[in-house]
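Subject: Structure handover

Hello,

Here is the structure I promised you. Please open it and keep it in view while you read.

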Amino acid sequence: MGDLGAYLGLFLVAFAAATILPFQSEAVLVGLLLTGDYPTALLVAVASAGNVLGAVANWLLGIGIERFKDRAWFPVSAQRLAQGQRWYQRYGKWSLLGSWLPIIGDPLTVIAGVLREPFWMFLILVTIAKVSRYVVLTAITLSWM
């Protein structure tokens, strides 16, 4: 159960880290890499899958979120939502390659849903960004670079 628990924990933290929740999947991945007890490629695959699926959850949230923008409890002002939409329209779908970035990456994936970025394009760009981040982190951690 120990191995399964480690992989499940990594997946869940990576999923949560891709949402607006304040989780750091990088620390968990580095910790597991440094133990040397787990196959590197499998750790990167599990972290990537969790992080990409978390971004997909954001995209789905974005698709349905606009109908609530006039409610008092809505967490983003209409002005901030419009600002995010303008920013995304200016830089387009290619901005999703920055979805791995702290602070701005998660809102980008929500805005992509709001603006109805085609799912297949969203998935390709977000997967490239998030897998690349974990590969680079792994390479640095294991001194490949």
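Below is what was found, from the whole chain down to single residues.

First, the ground rules. This is a predicted model, where local features need pLDDT of at least 70 and side-chain atom pairs count only at pLDDT 80 or more, while totals for chains, interfaces and linings use all residues. Residues are numbered from 1 along each chain as its sequence is written, and side-chain values use heavy atoms, with hydrogens and water left out.

**The whole chain**

The protein chain has 6 helices and 0 strands. Helices (H or I, at least four residues) and strands (E, at least two) are DSSP runs, numbered from the N terminus. Along the sequence, the pattern reads α-α-α-α-α-α. The radius of gyration is 16 Å, close to the 15 Å that the globule rule gives for 145 residues, so the chain is as compact as a globular protein of that length. That radius is taken over C-alpha atoms, and the globule rule is 2.2 Å times the number of residues to the power 0.38. The C-alpha atoms fill a box of roughly 50 × 30 × 25 Å, taken along the principal axes.

Buried residues make up 43% of the 145 residues. Buried means under 20% relative accessible area, exposed over 50%, and partly exposed in between (1.4 Å probe, protein chains only). The chain exposes about 8,200 Å². Carbon and sulfur atoms supply 69% of that area. Accessible areas come from the Shrake-Rupley method with a 1.4 Å probe; for residues, only the protein chains shown count as cover.

**Helix α2**

Which residues of α2 are buried? They are Ser25, Leu29, Leu32 and Leu33. Seen down the axis of α2, its buried residues fall within an arc of 105°, so they line one face of the helix. The arc is that of the directions from the helix axis to the C-beta atoms. An α-helix has 3.6 residues a turn, so residues three or four places apart point the same way. The face of α2 turned away from its buried side carries the exposed residues Ala27 and Leu34. After α2 comes glycine 36, with a positive phi near 75°.

A salt bridge is a side-chain nitrogen of Lys or Arg within 4 Å of a carboxyl oxygen of Asp or Glu. Here arginine 133 pairs with glutamate 26 (3.1 Å, N to O). The partners are 107 residues apart: arginine 133 is in α6 (residues 119-141), glutamate 26 in α2 (residues 25-35). Arginine 133 is buried at 13% relative accessibility. Glutamate 26 is partly exposed at 23%.

Threonine 138 also sits in α6. At 1% relative accessibility, threonine 138 is buried. Leaving out residues up to four places away in sequence, threonine 138 touches Leu29, Leu33, Thr40, Val44 and Trp144. Contact means heavy atoms within 4.5 Å.

**A surface patch**

Trp94, Leu97, Trp120, Ile124 and Ile128 form a nonpolar patch on the surface, with about 550 Å² of accessible area together. Patches are made of residues with over 30% relative accessible area and no salt bridge; like charges are joined within 9 Å, and nonpolar side chains (Val, Leu, Ile, Met, Phe, Trp, Tyr) within 5 Å. Tryptophan 94 lies in the loop between α4 (78-91) and α5 (105-114). Tryptophan 94 is exposed, at 53% relative accessibility.

Best wishes
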